[in-house]
Amino acid sequence: MNQPLTLTAAQKAGPKLTAVALGIVLVILLAMPLLHLLPAEHALHVSAYTLTLVGKILCYAIVALALDLVWGYAGLLSLGHGLFFALGGYAMGMYLMRQSAGDGLPAFMSFLAWNELPWYWYGTSSFLWAMCLVVLVPGVLAFVFGFFAFRSRIKGVYFSIMTQALTFAGMLLFFRNETGFGGNNGFTDFKTILGFSISAPATRATLFLATVALLVGSLLLGWRLARSKFGRVLTALRDAENRLMFCGYDPRGYKLFIWTLSAVLCGLAGALYVPQVGIINPSEMAPTQSIEAAVWVTLGGRGTLIGPLLGAGIVNGMKSWFTVAFPEYWLFALGALFIVVTLYLPKGVIGLIKRRGEE
């Protein structure tokens, strides 16, 4: 079984050097929003574009971490985590749209000649209720889906196909105008959050810091789980489920807990993604989005927690460059990257670092 957490990198560089590297990255991330508050003509000023891009990548890194918990440790390859991410984003988007509309209806509802809010929009003018929806909607959906899937002992490629079908169904549902979620255009044109202008530098900096805090908190939570008895049971579940059951463990509860927790983390990431990027639409539920998340985890190193963060940063950094320089070739580049990693880097970047260290 894989050793938990960052030991794959720490064995190569030593715990102190690993801690120093992580500390430097954290300091840079904490400094970026402060530098964004500097005047635009200042040499150290961080632009709104850069802050938004890095904030978006950090949200994706949280999704990669969440997927690693279920795939890297429990052996459950999910191709539907984009759905949970988008649901959290839509819950936050509902609140932001209500803030923009004031006492009236959101703009897209007025355009479609709706006369009143659907019942599921009630209470979304409250930030507290919106945050409850961010947690509850993906969490409850994941719990219900996982309860029946794990009770039926669905696993392997069948589980992956079912999760992809789930996110595809969600995408088709949200594309429809009559569902009340903006149809193909989704939600955009946000004005304020908690009474503050969403485009103000201070608001952008605060949202960025909240994203960093969630990422660090998620990493610490994963670290604690991986080092605990629960984490050891998960890796045993991944490597030899039948033997684990023979020892008297019921794997369903362990799978259901980590699956639901992973979905909640994705929902929180989506809630922070929307106000920073300024839009949420059904394309975030597209199966390709969830497949990309699997590529992030594979590239970085499955079952390491740190690896998926690196993978998310590398792939999304490449995507940002390719979609500007060669937009028509990005999917080809992504496919080639996945093939190369599968053939030559089966343990990802972290595995490569470990192998170089041993040599």
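Leaving aside residues up to four places away in sequence, Glu292 touches Lys319, Trp330 and Leu334, where contact means heavy atoms within 4.5 Å. The model is a predicted one, so local features need pLDDT of at least 70 and side-chain atom pairs count only at pLDDT 80 or more, while totals for chains, interfaces and linings use all residues. Residues are numbered from 1 along each chain as its sequence is written, and side-chain values use heavy atoms, with hydrogens and water left out.

Glu292 sits in helix H12 (residues 287–300); helices (H or I, at least four residues) and strands (E, at least two) are DSSP runs, numbered from the N terminus. With a relative accessible area of 5%, Glu292 is buried. The cut-offs here are under 20% relative accessible area for buried, over 50% for exposed and in between for partly exposed (1.4 Å probe, protein chains only). Much of H12 is like that: the helix is mostly covered, and twelve of its 14 residues are buried. Among them are Pro287, Gln289, Ser290, Ala293, Ala294, Trp296 and Val297. The length of H12 works out as well, since 14 residues at 1.5 Å a residue should span 20 Å and the end C-alpha atoms are 20 Å apart; the expected span is 1.5 Å times one less than the number of residues.

What does H12 meet in H14? On the H12 side there are Glu292, Val295, Thr298 and Leu299, and on the H14 side Trp330, Leu334, Leu337, Phe338 and Val341. By class, that contact has seven nonpolar, one polar and one charged residues. Here Ala, Val, Leu, Ile, Met, Phe, Trp, Tyr, Cys and Pro count as nonpolar, Asp, Glu, Lys and Arg as charged, and the others, Gly among them, as polar. The axes of H12 and helix H14 (residues 330–344) come within 10 Å and cross at roughly 40 degrees. Axes are lines fitted to C-alpha atoms, for helices over the stretch in contact, and angles run from 0 to 180 degrees between N-to-C directions. H12 and H14 are therefore oblique to each other: angles under 35 degrees count as roughly parallel, over 145 as roughly antiparallel, 65 to 115 as roughly perpendicular and the rest as oblique. Their crossing is left-handed, meaning that the near helix is turned anticlockwise from the far one by less than a right angle, with clockwise giving a right-handed crossing.

The pairing of H6 and H11 comes next. The axes of helix H6 (residues 127–151) and helix H11 (residues 251–277) come within 8 Å and cross at roughly 150 degrees, so the two run roughly antiparallel to each other. H6 passes H11 in a right-handed crossing. The H6 side of the contact includes Met131, Val135, Phe143, Phe147 and Arg151, and the H11 side includes Arg252, Lys255, Trp259, Ala263 and Leu268. In all, 15 nonpolar, four polar and three charged residues make up the contact of H6 with H11.

H6 itself has 25 residues and reaches 36 Å from its first C-alpha to its last, close to the 36 Å expected at 1.5 Å a residue. Its buried residues include Ala130, Leu133, Val134, Pro138, Gly139 and Ala142, and the buried residues of H6 pack against helix H4 (81–101), H7 and H11. H6 is followed by Arg153, whose phi is positive, near 60 degrees. Arg153 lies in the loop between H6 and helix H7 (157–175) and counts as partly exposed at 43% relative accessibility. Asp189, also a residue other than glycine, has a positive phi near 60 degrees; its loop runs between strand E1 (187–188) and strand E2 (192–193).

Back in H11, Leu265 is buried, with a relative accessible area of 6%. Leu265 touches Ile62, Ala66, Leu69 and Ser218, not counting residues up to four places away in sequence. From Leu265 to Gly139 it is 126 residues in sequence and 9.0 Å in space, C-alpha to C-alpha. Thr235, in helix H9 (residues 229–239), is buried at 7% relative accessible area. Thr235 and Gly75 lie 160 residues apart in sequence and 7.8 Å apart in space, C-alpha to C-alpha.
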